[in-house]
Structures are given as C-alpha cells and as structure tokens.
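Student: I have a protein model open and I want to learn how to read it. Can we go through it feature by feature?

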Amino acid sequence: MTRKASTRAPKSEPVPPPTWDERFINSLIPWRVEIAGGALCLFALITLLALPGLTEAAWSGWWTSLLRQVFGWGAYPLFFILAAVGLHLAIRKVKRPYHFQASQVVGLELLLITALPLSHLLTNSNLSDAYRGLGGGLVGWALSEPLLELIGPLLTSIVYAVLLLWGFALLVNYTWLDMLETLNRLTIALRQWADKIAPPEPEIVAPAVEAETAVPLPQSRLTNPPDLIIIDDSAPQDEGIDWQHRDKRLPPLTLLEEGSAAAMSPAEIDEKKRIIEETLADFQIPATVTEIRRGPAITQFGVEPGYVEKVGPEGDLKQQKIRIGQIASLRRDLALALAVTRLRIEAPVPGRGVVGVEVPNAEISLVRLRSVLEADAFAKIKSPLGVALGQDVSGVPLAVDLATLPHLLIAGTTGSGKSVCINAFVSCLVFNNPPDKLNLIMIDPKKVELIRFNGLPHLIGKVEVEADRAVGVLRWLTAEMDRRYELFTQVGARNLNGYNRRAAGHKTLKKLPYLAVFIDELADLMHMYPGDVERTLCRLAQMARATGIHLVVATQRPSTDVITGLIKANFPARLSFSVASGTDSRVILDTVGAEQLLGKGDMLFQAPDAAGPARVQGVFVSDNEIERIVNHWHTTLPDFEPIPTPWETLIAKHALLDETDQLLEQAIEIAQKQDTISSSMLQRRLRIGFPRAARIMEHLYEMGLVEDPQTGGKTRKSLVDENDDPLEEILSEQIEE
C-alpha cells in the first residue's frame, strides 16, 4: 500500500516589518493626489512671481522668457488657472463652498484660447513681435494668421469675438436666450431714454360709444391736445407679461422646477387598444380606435362606432350605426378588462367624431408651473391675471385668465388637489405681478394651507383663519367695490384699466391694484353665517368684475346647502376635482363625471363659454418652490411695509352691533338729526316694539350720546350732531386698546 503524497504547502518565512522610510512612503500614498496638487499650486505661484521679475532664480530667466515667447500676456492667466487647479486638487477631501460644472471649465479654456489671437489682431503684431512676447505670443500668432489669410482681418475679428462671448456665456452659465433677453432689455432701455429726451405728441382717440349716447366734442377742445386725451375703455388691453423684458423685481424662471414627461409606452398603448376593441366586439359592438391622445395622467382612446347589419321590414339587410350610448354603458366592463380602478367615457368628445375612453396611466407625471408659464398658451393670454391651469388629455398646456372668468368655484374631496390648485394660482399671480399691481386677500378656515403665504408683500394683512373675521372681510370687499365704482364715476371710467390710465396722468389720483380673493373652505363659512356669506358672495360675483376684484372659492363638500343655486348662478366658471358621488358632480358641474376622476390633480374644468367640461391634469407647485418665491420677494423688497388690515374697524363695528343691537347705527343717525329723542320716537322711526326701543335708548346713554332723563320725563336731549361720528370714535379706541 503506497502512501499518499502530502499536499501541504511549505511554511513561508516571516515577513520582516517595514522600515521607517517604507512606513513614511506608505503613509504618503493615500495623499498622492493632494501632494501633487499642492506641488502644482506652489510651482504655478513661483512662476507667477517670476514673470514680472519679483523673484530671481537660476532657472527662472529662461523659463519665464520661454513662457512669454509662447503665450505672451496669456502666461499670467494660464499659470493663475494652474495654481487654482492645484489648490482645487489639494483640498479635494475638504467640503468646498463652490461647485464647477464641465461647461464652465470649457468656457474658461475657450476664453483664454480666443483672447490670445484676438489680442494679436488688435495689436497688429507680426511674427517677430510674437518672438518677443508681444500680443498673444506664438500661440496667438499661430491661431490668427491662417484665418487672416483665408477670410481677412474683419471676419477673423468677428469670429473670435463671437467665440469670446460664447466662452464668457459658458463660464457664467448664460444661455443664448439669456443673451437675447439682455439685448432686448438694452434696446428697450435705449428706446425709453430716447422717449424721455424727445417724447412723442399725445394722440386723440375718440371713444367708441353708442349713437344715442354719443356727445359731439367742441372744436375748441379738439385743437388743444394736451387738455383732452380720450381713450376707449372697451378696446382690448395688452397688459400681458413679456418674458423678454419683464419687471426686474419679478422672480426669475430659474426658481421653478422643470417637469418630466411620463406616459404609456407604445407597446402598452397597443395592448390597451387591442383590449378595448376586443371587449366591445365581445358585446357585439363593432368599433375601432382611430386616435390616441396621451396626457400626463390619462390616455384617451378615441373609439369610432362601427355598423351592424339589421333586417329591415321587407327582409332586406341594412347597415345601422352603433349608438354611442351602447359604448358608454360598458364603462365597468371596459374597466374590468383593462384592470383599472376608474375609467371615464366621454361620449362624444366635443369637436371630434369619436367616443373618448380615458384610461389612467400607470405612472402620473407631475405638471410643473414652469412648463405652463413657458408655453404659448400662457403667452397668448396677455393679462396680468393669467394663471396656469395644467395640461389636457393630449399633454397640451392650458392657462386661463381670471379677468375673463371672472370668478371661479372649486370643489373636491380631501386630498384630490384642491388646495394645491389654489397654491398654484397664488404662486402664478405673485410670480408675474409686483405688489403695486396686485393685492391678495386669503381666507383659510382650515388654518394650515394658505398660511405659508404670510409675509408676502402682495398680501393685505395676514391670512384670515377665523370665520367671524372672514365675514368681516367679505363685507369690507363689498364696501371697497362700492368705493371703486364711485371713483370710476368721478373720472368717467368704465373699468379698472380705464381708471388707472386716467390716474396715471393725474396729480391726486392713485392707481388701484387688482384684488384676488382666495377662500379655501366655503362650507365652514356657510355653516356659521349662511345668510351673510351667500349675500356678500353673490353681490361681489355680480358686480365686482369691473372693479378688478376676482374671487376663487373652494369647498370640499359640494352639497346644495353650501353651493346654493344663487351662488352657482353667479359663478359660471367651475372646476371640480374628484368628488364622492355623481350627485356632488351634478351640483358643481351640472353633469356627472367628476366621481370618476383619479385624484392628485385630475380635474374637470368648465369654462363659462364651453359646451362641456374639459379634463385637465392640474399644475403642481412644491413647498420648496413656494418658499423660494416668497423668499425672493422678501429679498427684493426688504424695506416693504406690510399692507395694514383695512377691515379691522368694520369687524369691530359689527361685533359691537352684535353685542348691542343691529339697529343702533340707525338710532345714532336719528339722534344726530334731532334735538331730543325718546323711546316712542325710536318705536315709530325703526318700527320696533317698546322693550327693544328702551334698550337702544340705554345703549345711547351708555355711549354718552343722550343725557340722563329728568325725573318723570320721557324725552332726552341729544348730545351729538351730524358732524360727529361717535361709532367710529368708539371703535378706534377699542382697536387701539
């Protein structure tokens, strides 16, 4: 029996410990890049000192002369850049307070390479001058001479000047569009400067009035243009936002995030198209998908109904068109076949000869505010009250003008996107309007959604979160509306635009801003003050449009006791997010369909002039974007004084009347006009009973407006005249306290 050979490896000899020099070298290896960077930085700094002769060494003479000969003056920026690169490498493990992009490095290199031949051209240097280090050195001569012989000095200078601008744009992250915008701003500034030096003569434009109300202008007034400048208020106004030369105070587009598109893949679309056609065929409904519209949240399949053969009365076969109601009745069957939770059928699609089957996408893409602001749909509005709405089922951006709506009613369950929509509207308005052109009033009974806008210079006071104060705000709005109409009458204006044009050339009149009012939850206000809220809302909706006051009212409970028939009649523009039932959908839109929405910004928008609601994926504005916009206005207007709350006196007045008597104000007017007053007089004048009249008399005595009655007397002497306003004095004292 043979013995198996051993496979054990021979024992290795012990490794000797490293010597001191090996340990030193090993400790330097992890820092080799930093050491190389520090050496490069030191070498570049020594060279920079040697170039002007600030340091002398045995090698510096030939080294600096070589650099001047090759690069000319470019040796200075070149070694300054090398020193910066060395320092950058030396501190690579330290958290740097800066960040370089690859495009910036390319721009810096392009600047240097372009400046050398351009300086050679400007100094008119030759080869011998380049050898002496003049101009851009040999590098500048080599880069300029071929182009000089090919296209001449003028075109060569233009080419290098363009390359120089391009390098500078890359260095500062300046795009071509930004450069064009800067040129446009310079052009407009020069034009405005020229207009100030030689202002154009004012033109007389006759107003477009009806024949029966037209009044001929005297010839003497027409011969004196500076005295009379008549402008037609009814003419379309071009007050849109020009992105090329907008107000410098307004936030830049870079504050907003860019969106990313996400939709069904072609294979997924083909599969769902096949399922729709086969499912309809299983129910003996021949139909064909003829068009597909891909949106951010849904994909709409346009189904064209086919024909079936029917036996006529005489036994002949006839082709009969499929009724669209047959397709609409299969909504649940199609949802089951497509394995989706909710499916909406639009039968028919307005303006198209198809039935729209709207299938949810597997992934919903966010519609960013920036993508809508940059679209043509927003540019075509040309109004300071334009707001971004979202994208339709085809992914086309949509925007609306609050001035033409003129008020908007919003409904949707919790989490459907209602408050996000309001945030987007507010962000869009403050993004495009300075505080002197637009003021905001916000009412948020939920106390959590709109308070992030506190501190905006556009906001009057603060966001009101108490229901009793909200009613006071609505009452003040009606008073402000009446005040504006009185101002319009004084100057003969028909609307806010006409008044502001007249006020621009007037010494005492001031321009009036637009007022956008946002109410985030109407149900709470209607529950506590149904009569006052409905009355003031309807009056504002009926008359406030011409005065520049526009309402955006939202509620999560679109029932008939919240959205009454009177409110609906005065809010022709409605917007519905996902609701709980078809009944709620009928309340807000007068049709079903909102109960089939997906939530998360999916909505139906009913425009005042549209035949039916349009499906839209709403704009999403993140909290970071809102914070950046608010911080921008804080930075731009650091000394802006907050707009004082003008409705405090009115709120205190109604609170006092609620504590005493609503007829107290009328009783004070009677006391101002009469020398004596009695309870029986108040009974007759106010048409009330004796106990209530006696209580009002006691309130007048406590306010110091009537004297204490004499013994056995029923009349009291009045201590107030028509020039006094005792109620306002009492309220001002309460507010100061």
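Student: How do α16 and α17 cross?

Tutor: Start with the general idea. Two packed helices are described by the angle between their axes and the distance between the axes. Now the case here. The axes of α16 and helix α17 (residues 496-504) come within 10 Å, and they cross at roughly 55 degrees. Axes are lines fitted to C-alpha atoms, for helices over the stretch in contact, and angles run from 0 to 180 degrees between N-to-C directions.

Student: Where do helix names such as these come from?

Tutor: Helices (H or I, at least four residues) and strands (E, at least two) are DSSP runs, numbered from the N terminus. This is a predicted model, where local features need pLDDT of at least 70 and side-chain atom pairs count only at pLDDT 80 or more, while totals for chains, interfaces and linings use all residues. Residues are numbered from 1 along each chain as its sequence is written, and side-chain values use heavy atoms, with hydrogens and water left out.

Student: What word describes the angle between α16 and α17?

Tutor: The two helices are oblique to each other. Angles under 35 degrees count as roughly parallel, over 145 as roughly antiparallel, 65 to 115 as roughly perpendicular and the rest as oblique.

Student: Is the crossing of α16 and α17 left-handed or right-handed?

Tutor: The crossing of α16 and α17 is left-handed. A crossing is left-handed if the near helix is turned anticlockwise from the far one by less than a right angle, and right-handed if clockwise.

Student: Which residues make the contact of α16 with α17?

Tutor: Contact means heavy atoms within 4.5 Å. From α16 come Arg 484, Leu 487, Phe 488 and Val 491; from α17 come Leu 496, Tyr 499 and Arg 502. By type, the residues of this contact divide into 5 nonpolar, no polar and 2 charged. Ala, Val, Leu, Ile, Met, Phe, Trp, Tyr, Cys and Pro count as nonpolar, Asp, Glu, Lys and Arg as charged, and the others, Gly among them, as polar.

Student: How do α16 and α19 cross?

Tutor: Helix α16 (residues 467-491) and helix α19 (residues 530-543) have axes that come within 10 Å and cross at roughly 30 degrees. That makes α16 roughly parallel to α19. The crossing of α16 and α19 is left-handed. On the α16 side, the contact includes Val 471, Leu 474 and Met 481; on the α19 side, it includes Val 533, Leu 537 and Met 543. The residues of the contact of α16 with α19 divide into 9 nonpolar, 2 polar and 4 charged.

Student: How do I check the span of a helix?

Tutor: The expected span is 1.5 Å times one less than the number of residues. Take helix α15 (residues 418-432), with 15 residues. It reaches 22 Å from its first C-alpha to its last, close to the 21 Å expected.

Student: How many residues of α15 are buried?

Tutor: Buried means under 20% relative accessible area, exposed over 50%, partly exposed in between (1.4 Å probe, protein chains only). In α15, 14 of its 15 residues are buried. Across the 737 residues of the protein chain, 42% count as buried.

Student: Where is Asp 392, and which residues does it touch?

Tutor: Asp 392 is in strand β8 (residues 386-392). At 16% relative accessibility, Asp 392 counts as buried. Leaving out residues up to four places away in sequence, Asp 392 touches Arg 293, Gly 295, Pro 296, Leu 398, Arg 615 and Val 616. Asp 392 and Gly 295 are 97 residues apart in sequence, yet 6.5 Å apart in space, C-alpha to C-alpha.

Student: Which peptide bonds are cis?

Tutor: Look at two examples. A cis bond joins Ala 347 and Pro 348, with omega about -10 degrees. Pro 348 lies in the loop between β5 (344-346) and β6 (355-360). The bond from Leu 405 to Pro 406 is also cis, with omega near -10 degrees. Pro 406 sits in the loop between β9 (397-401) and β10 (408-411).

Student: What is the phi of Asp 590?

Tutor: Asp 590 has a positive phi of about 65 degrees although it is not a glycine. Asp 590 lies in the loop between α21 (582-589) and β15 (602-606). At 52% relative accessibility, Asp 590 counts as exposed.
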